[in-house]
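Q: I am new to this structure and would like a close look at a single part of it. Could you walk me through the surroundings of the ligand?

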Amino acid sequence: MPEFKTLGQFIIEKQADFPYAKGELSRLLRDIGIAAKIVNREVNKAGLMDILGNSGSINIQGESQQKLDIYANEQFISALRCGGECCIVASEENENIIPLNDVISQHAKYIVAIDPLDGSSNIDVNVAVGTIFSIYHRVSQNGPATLEDVLQCGTQQVAAGYIIYGSSTMLVYTTGKGVNGFTLDPSIGEFCLSHPNMQIPKDGLIYSINEGNYVHFPKGVKQYIKYCQVEDKATNRPYTSRYIGSMVADLHRNLIKGGIFIYPVTASAPNGKLRLVYECNPMAFVIEQAGGRATNGKDRILDLEVNKLHQRSPIFIGSEKMVMRAEAFMEEAGVLTFNDIVNL
Ligand code: AHM
Ligand code: MG
């Protein structure tokens with residue numbers, strides 16, 4: 001019989017590395033894995049929603065149908081509430097933090113920030129979407145946890161990861177000791193270790209950016225894109241352009257094959273589009289742990305000061321050499337903010 005290791009087994013095994021651990025983080029990761037399986041089930045039948053529901057809005061259980069991002073949000077919050085290891089959830093779907101005020105949860109020591117369904121505009125067209133999560137220790141000592149507990153620097157993350165609902169479903173996470181990937185085996189309903197110790201290639205041949213926004217990009221980004229497109233045999237250029245429009249899917253591919261993903265400031269998104277707390281920081285933690293690099297075009301993402309729950313940041317992330325080269329273009333052009341954008 002072939003040997004395999006489930007996510008649950010792997011988490012317990014890793015816990016043994018920390019003799020004083022009480023298993024809370026392990027249980028929290030397990031709760032996220034459970035919610036991921038439920039969301040996966042719904043994402044997989046997304047195209048059937050209208051067929052199964054009466055008049056398009058009521059499902060066969062008589063419940064009103066919801067958009068999948070709202071559904072995913074509820075599933076993750078509910079799993080974290082029931083698990084009892086998390087005192088506050090911060091979600092892309094909620095304007096304010098969600099304190100889990102029941103008797104057990106309010107004393108829990110972890111905070112979870114989450115983008116429950118990233119790239120959800122891709123759901124209707126059967127393209128891969130994802131969930132991104134980030135875990136912090138609560139910093140306040142007494143009383144209910146607050147927003148201050150959430151607004152921590154990315155370097156303070158205890159764990160982070162993503163789930164990709166793609167041609168197969170995978171959960172990839174780090175606790176700061178490398179990155180491991182687990183593929184869901186639908187026949188047994190378990191995530192099984194399939195990608196141990198993931199490493200992103202130091203250099204790559206893929207660039208991922210929404211080139212439709214080209215005219216609104218800063219000069220340094222425009223020049224980097226042109227660099228990617230120029231023919232040069234010595235550096236294997238021109239590079240390949242791949243952009244799915246789901247950050248999780250684009251980054252997952254680049255993590256495996258090598259590449260750079262850029263979402264810069266644009267004229268219409270002067271601070272960038274992606275959110276620091278539950279998109280950029282967790283992905284930066286994963287990519288750094290896999291040997292890659294993540295900056296805002298100049299400064300390390302994980303070092304950025306977090307002032308607002310839904311704060312945005314430009315992001316340059318992926319293979320170390322590619323990100324450093326893009327940064328060099330940014331530095332040379334001397335642009336980072338909206339005011340600096342040069343419309344060529
Ligand atoms: P979402 O969290 O509202 O889905 O938005 C985030 C998504 C990312 O997954 C993706 O990289 C980006 O938005 C795509 O944006 P654009 O359509 O501007 O290229
Ligand atoms: Mg998102």
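A: Happy to! In this predicted model, domain 1 (7–195) and domain 2 (206–340) each contribute at least three residues to the shell around ligand 1. Within that shell, at least two residues come from strand S3 (110–118), and at least two from strand S11 (260–263).

How many residues surround ligand 1? There are 16, and the closest are Asp118, Gly119, Tyr243, Met247 and Tyr263. By kind, the shell holds six charged residues, five polar ones and five nonpolar ones.

Now for the polar contacts. The side chain of Asp118 places an N or O atom 2.7 Å from an oxygen atom of ligand 1. With Gly119 the backbone takes part: one of its N or O atoms is 2.8 Å from an oxygen atom of the ligand. Glu279 brings in a polar side-chain atom, 3.1 Å from an oxygen atom of ligand 1. As for cover, ligand 1 has 470 Å² of accessible area on its own, and the protein covers 80% of that.

Asn180 is part of strand S7 (residues 179–185). Its relative accessible area is 11%, so Asn180 counts as buried, the limit being under 20%. A polar atom of the Asn180 side chain lies 2.8 Å from the backbone nitrogen of Asn197. Beyond its neighbours within four places in sequence, Asn180 also touches several other residues, among them Phe10, Leu171, Tyr173, His195 and Met198.

Key: Residues numbered from 1 in each chain as written. Chains lettered and ligands numbered in written order. Predicted model: local features only at pLDDT ≥ 70, side-chain atom pairs only at ≥ 80, totals over all residues. Heavy atoms only, no water. Near = heavy atom within 4 Å. Polar contact = N/O pair within 3.5 Å; in protein donor to acceptor, adjacent residues only side chain to side chain. Areas by Shrake-Rupley, 256 points an atom, 1.4 Å probe, with all protein chains shown as cover. Helix = DSSP H or I, 4+ residues; strand = E, 2+ residues; numbered from the N terminus. Nonpolar A, V, L, I, M, F, W, Y, C, P; charged D, E, K, R; others polar. Domains from an automatic or database assignment. Buried < 20%, exposed > 50% of the residue type's maximum accessible area, 1.4 Å probe, protein only. Contact = heavy atoms within 4.5 Å.
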